[in-house]
Structures are given as C-alpha cells and as structure tokens.
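Please read these notes with the coordinates open. They go point by point, from overall layout to local detail.

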Amino acid sequence: MNSPYEVLLYYKYSRIADPETYAAEHRDLCRRLALKGRILIAREGINGTVSGTVGNCAEYRRVLDADPVTAGIAWKIDQEEGHVFPKMSIKVREEVVTLDLGEEDFTPEDLTATHLKPEEWRKAMKEEDVVILDARNDYEWEIGRFAGAILPDVPSFRDLPKWVRDHRAELEGKKILTYCTGGIRCEKFSGFLLKEGFNDVFQLDGGIVTYGKDEAVRGEGYEGECYVFDERLSVPVNRTDGAKVISKCAYCGGESIRYRNCRWMPCNAQFLCCEKCETGKGRYCGPLCKEVDIMSRAAHY
Ligand SMILES: [Zn+2]
Ligand SMILES: [Zn+2]
C-alpha cells in the first residue's frame with residue numbers, strides 16, 4: 001500500500017522549562033508542515049497525535065528526534081489516505097495526562113511500573129494469578145479490549161483512582177497488567193498503582209497500538225478494535241485468525257464497531273449503530289432524542 005498520508009501517535013515525558021514558548025514554536029513548526037491533530041504540552045512533556053503528508057510527517061519526526069527535549073520517542077505510525085483531523089489544536093496544560101491526585105501527584109519520570117514488550121505481554125497474560133486491567137474509559141473498551149480484562153466503568157481517566165480504591169479486593173495479591181491506547185496513560189496509572197501499595201505491576205509498552213503492529217504477536221488476545229481520538233474512531237488490532245467483533249449496535253444488537261454522534265445537537269452522545277439501523281431509525285441515540293429533535297425542527301416552521 002502506498003498511502004500519501006501518515007497518522008503519528010506519540011508522547012515523551014521530558015522537562016519542558018517554558019511550555020508557552022515551546023508551544024508557540026511548535027505551532028509554527030506544525031503550520032509550516034501543514035499538520036493537523038491534537039497536541040498537549042506541559043512542564044512534564046508532550047503528548048500528541050497528528051496527520052500529514054508522508055514527507056511532512058517524516059520531517060516532523062526528524063525535527064523532534066533531533067531535539068534533546070524530544071529525542072527517543074517511540075513513534076506509532078499509520079498509513080492513511082488523507083488527514084484524520086479537521087484542524088490543529090496545540091494546548092498548554094498542567095500535565096499531559098491527569099489523574100487529579102492533588103497533593104499526592106507525581107511524575108512518571110520518578111515512578112512508573114516495568115514495561116513489557118508485546119511478546120512479554122502475550123506471555124504474561126497467560127500466567128496464573130494475573131489480572132489484566134484496562135486503563136481507558138468505558139466508551140473505549142466497549143468496542144475492543146484484551147480478552148478477560150477487568151473493565152472499569154469510568155467515563156474519564158481521572159475517575160480511575162477512586163475506582164481502584166473501591167475495587168481493591170479484585171486486585172490485591174495479584175500480578176497486575178495494565179494497558180491503554182498508546183502507553184502514556186499507563187505510565188501514570190501504573191505509577192499510581194505502585195503508590196497505592198500494589199507491588200506486582202506491569203504496563204504494556206507502547207499500548208494496544210504497538211501491540212497490534214508487532215509482527216510477532218499480531219494483536220493476539222485482543223478482541224474488537226481500538227478506539228482512537230480522531231475521525232477514524234477505531235483501528236484494527238488483532239491480525240490473527242481469532243479476530244472478532246465484540247460490540248453491538250444499540251438498536252438491533254448486531255455486531256457493530258460503528259460509533260456515531262446523536263443527531264440531536266444538545267445530546268450529541270456517542271453511540272454504536274449499524275448502517276442499516278442508522279438508515280432506518282435515524283442517527284439518534286434513542287427514541288427520546290429523535291422525538292425532541294423532530295418536535296424542535298417542526299417548531300421552526
Ligand atoms: Zn443495528
Ligand atoms: Zn441523544
């Protein structure tokens with residue numbers, strides 16, 4: 001396949017002394033290379049996902065690899081036909097990922113769990129007395145996750161600490177394997193688990209995306225697709241014969257990985273809906289939104 005565009009997913013924990021100035025320079029760089037996407041910059045590092053032409057993405061990687069602040073990034077690269085973001089957004093934040101720990105906060109540069117490479121992870125998943133813990137949000141694991149993983153019913157990453165404290169019994173005394181999309185959330189979350197007193201904690205190096213690209217494991221043991229925060233919404237992971245769809249259409253219950261946003265703007269909720277049901281029932285998360293939307297449209301005549 002000879003695709004004209006690339007999608008890059010990356011992060012780097014590294015000291016950025018003046019995030020505002022760094023962000024301004026980074027904006028110029030991205031404008032010059034006509035990249036689109038979302039980038040967060042903080043004193044503790046950078047976290048981004050961007051799309052651009054193959055040549056411009058190569059130049060972007062070259063510039064970051066040559067900068068001591070960002071050298072050593074483990075780039076995740078997808079081939080695409082075009083941009084997967086509508087625009088570029090570069091924001092300065094307190095942290096690149098936040099667990100809302102307040103006084104107890106720490107940086108993964110000081111504390112994080114042991115990384116497992118894809119082959120080590122595949123082996124570890126099969127051991128006894130392990131728990132596989134998904135560190136993502138509920139709408140992410142709904143369309144795909146490692147078989148047998150514990151799936152915290154949290155809508156946001158910052159809800160995970162409370163979830164862990166409420167579910168200690170499920171994790172106590174076990175070897176904990178934690179994973180997320182590209183690895184950055186686990187850098188922090190696995191450090192939090194260590195701080196909480198769990199001492200047998202491991203994280204999937206490079207996340208699900210790297211696991212899916214690895215030629216030795218080919219995504220083995222992963223079910224469904226991997227949710228991504230761009231217009232693609234999800235990407236395939238498991239390239240073995242055991243791959244299957246696990247999520248269901250909200251209407252008919254048939255297999256579907258098709259996320260849509262509710263057409264009633266004030267709701268805008270994301271829901272799973274197969275093509276047939278969208279055509280038949282309209283792009284609404286439920287009958288109530290459909291009714292309200294149709295009534296409000298009628299009111300404008
Ligand atoms: Zn359906
Ligand atoms: Zn709705």
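This is a predicted model: local features need pLDDT of at least 70, side-chain atom pairs count only at pLDDT 80 or more; totals for chains, interfaces and linings use all residues.

1. **The five-stranded sheet.** The strand order is S4-S1-S3-S2-S5, in an open sheet with mixed pairing. The edges are S4 (76–80) and S5; each has a single partner strand, so one side of each has no neighbour in the sheet. From one strand to the next, the twist averages 10 degrees.

2. S2 (residues 36–42) runs antiparallel to S3 (residues 45–53), with 7 bridges between them. Within this pairing, isoleucine 41 sits opposite isoleucine 46 of S3. Helix H2 (residues 54–66) packs on the sheet and touches strand S1 (5–13) as well as S3. The direction of H2 makes about 155 degrees with that of S3.

3. **Strand S9 and its partners.** S9 (residues 175–179) is mostly covered, with 4 of its 5 residues buried. S7 (residues 130–134) is joined to S9 in parallel by 5 bridges. S10 (residues 201–204) also runs parallel to S9, through 3 bridges. Follow isoleucine 176 here: it is the bridge partner of valine 131, and isoleucine 176 is also bridged to valine 201 in S10.

4. **The cores.** How many residues does the largest nonpolar core have? It has 58, and Ile41, Leu177, Tyr179 and Leu193 have the most contacts inside it. Domain 1 and domain 2 each supply at least three residues to this core. Another core lies apart from it, with 10 residues, including Trp264, Leu272, Cys273 and Tyr284.

5. **Leucine 177 up close.** Leaving out residues up to four places away in sequence, leucine 177 touches Trp121, Ala124, Met125, Val130, Ile132, Leu133 and Phe202.

6. **Helix H10.** Is H10 largely buried or in the open? Of its 12 residues, the number buried is 1, so H10 lies largely in the open. Its length checks out. At 1.5 Å a residue, helix H10 (residues 287–298) should span 16 Å, and its end C-alpha atoms are 16 Å apart.

7. **Proline 108.** This residue sits in the loop between S5 (88–92) and S6 (114–116). Proline 108 counts as buried, because 21 C-beta neighbours lie inside 10 Å and the cut-off is 20 or more. Beyond four places in sequence, proline 108 is in contact with Tyr13, Glu187, Lys188 and Gly191. Isoleucine 184 is 76 residues from proline 108 in sequence, yet 9.4 Å from it in space, C-alpha to C-alpha.

8. **Positive phi values.** Most residues other than glycine have a negative phi. Alanine 34 has a phi near 55 degrees. Alanine 34 lies between helix H1 (19–32) and S2 and is exposed, with 12 other C-beta atoms within 10 Å. Aspartate 100 also has a phi near 55 degrees. Its place is in the loop between S5 and S6. With 14 C-beta neighbours inside 10 Å, aspartate 100 counts as partly exposed.

Key. Residues are numbered from 1 along each chain as its sequence is written. Chains are lettered from A and ligands numbered from 1 in the order in which they are written. Helices (H or I, at least four residues) and strands (E, at least two) are DSSP runs, numbered from the N terminus. Two residues are in contact if their C-beta atoms, placed from the backbone, lie within 7 Å. The expected span of a helix is 1.5 Å times one less than its number of residues. Two strands pair if DSSP finds at least two bridges between them. Axes are lines fitted to C-alpha atoms, for helices over the stretch in contact, and angles run from 0 to 180 degrees between N-to-C directions. A nonpolar core is a set of buried Ala, Val, Leu, Ile, Met, Phe, Trp, Tyr and Cys residues joined through C-beta atoms within 7 Å. Domain bounds come from an automatic or database domain assignment.
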